[in-house]
Amino acid sequence: MRSIAARLGISRNTVAKAVGADGPPTYVRAPQDSGIKAVEPAIRALLLENPRMPATVLAERVGWSGSPAWFRENVARIRPEYAPADPADRITYQPGDQAQCDLWFPEVRIPVSTGKARVLPVLVMVSSHSRFIMARMTGDLLAGMWELLESLGAVPRRLIWDNETGIGRRNSYAAGVAAFAGVLATRIVQVKPYDPESKGVVERANQFLETSFLPGRVFASAEDFNNQLGQWLPKANARLVRRTGARPTELLAADKAAMLALPPIPPVTGFTARVRLPWDYYVRMGSNDYSVHPQAIGRFVDVTADLATVTISLDGRSVGTHPRSWGTGLTITDPDHVEAARALRKAFQTPHPVGETTGLRDLADYDRAFGVVDGQVA
């Protein structure tokens, strides 16, 4: 026993205990109550009132001072008993049934005017069956949707949106949306809040654009962004989609065959207004002011704007045309309008010589007109 202890470098008493034991030594820790047991009734009472209360708030309410990770782990174990599950079904998309729509805000600033740059929205539409992606940077949702659908050559039977302000909130459509859907004979469906699964196709497309199109690119303007995006999308739509096992371009024909035809008359989109031109000969469209030929001052002019151009007309005749600006709070001026205003102002401020322009009428003309002869009324 002594030689064993010397060889192993341990105490002889340890060797003696090992020889006399029935089996190998084991470490047994005395059981202790977890600190979570003391506060678990309080946690359950709070979850009963508010099943989605965050773990950080629960820890504060019950006075927890131990490990935050251990507390979160136990709250995650208890919470399912009080918070109902929200299962996500596997959805099958029929050809031509729907296109999912969303606004993507790429994390890149686009120059919109001298010294200014903004984060601009991109309208993304994805045909759910074929996964065919359509996208355009736009400031007008209805005009942008029509341009994308016109390029597609067909109209899905449903357009799926979330509660976007430009479309409407809580099944109350924004101005012009109901008429737009009526002309296209389609339905615009707004999904319920906190239901991301209903728009999962377009959400994944947004992520795909974020990670595959955007990195390493520089854009000089919104038009440059759309040009680069237009060149990239055919490659994106030729990719193999794991979920469908096919390429969007391969499924697009069957998708379009089940869609609605484009309407014979395009829907009314863009901005339209009729205003009286003020003395400073500018009209406001969006948040920018555009100059108008000053000959229309004081008269009603029609202001129309599409995705690219702002046009002002007087009795069907153009009195102002400008490229539509993506900026805000800008004043867009045509130099010809300023020159015309200068000429009109000069003519107004220059008095006319009485003899040259107006002349003096012979007073005898008034006598003959009123029948006055030698100062007496005839």
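Helices H6 and H7 run roughly parallel to each other, a label used for angles under 35 degrees. Helices here are DSSP runs of H or I with at least four residues, strands are E runs of at least two, and both are numbered from the N terminus. Keep in mind that this is a predicted model, where local features need pLDDT of at least 70, side-chain atom pairs count only at pLDDT 80 or more, and totals for chains, interfaces and linings use all residues. Residues are numbered from 1 along each chain as its sequence is written, and side-chain values use heavy atoms, leaving out hydrogens and water.

So how do you describe a packed pair? Two packed helices are described by the angle between their axes and the distance between them. Here the axes of H6 (residues 141-152) and H7 (residues 177-184) come within 11 Å and cross at roughly 15 degrees. On the H6 side, Leu 142, Met 145, Trp 146 and Leu 149 make the contact (heavy atoms within 4.5 Å), and they meet Val 177, Phe 180 and Leu 184 of H7. By class, that's 7 nonpolar residues, with no polar and no charged ones.

Now for the largest nonpolar core, which has 27 residues. A core like this is a set of buried Ala, Val, Leu, Ile, Met, Phe, Trp, Tyr and Cys residues joined through side-chain atoms within 4.5 Å, with buried meaning under 20% relative accessible area (1.4 Å probe, protein chains only). H6 gives the most to this core, with 7 residues. Met 145 and Leu 159 are among the residues with the most contacts inside it. Leaving aside neighbours within four places in sequence, Leu 159 touches residues including Met 145, Leu 149 and Ile 188.

Key:
Axes fitted to C-alpha atoms, helices over the stretch in contact; angles between N-to-C directions. Parallel < 35°, antiparallel > 145°, perpendicular 65-115°, else oblique. Nonpolar A, V, L, I, M, F, W, Y, C, P; charged D, E, K, R; others polar. Buried < 20%, exposed > 50% of the residue type's maximum accessible area, 1.4 Å probe, protein only.
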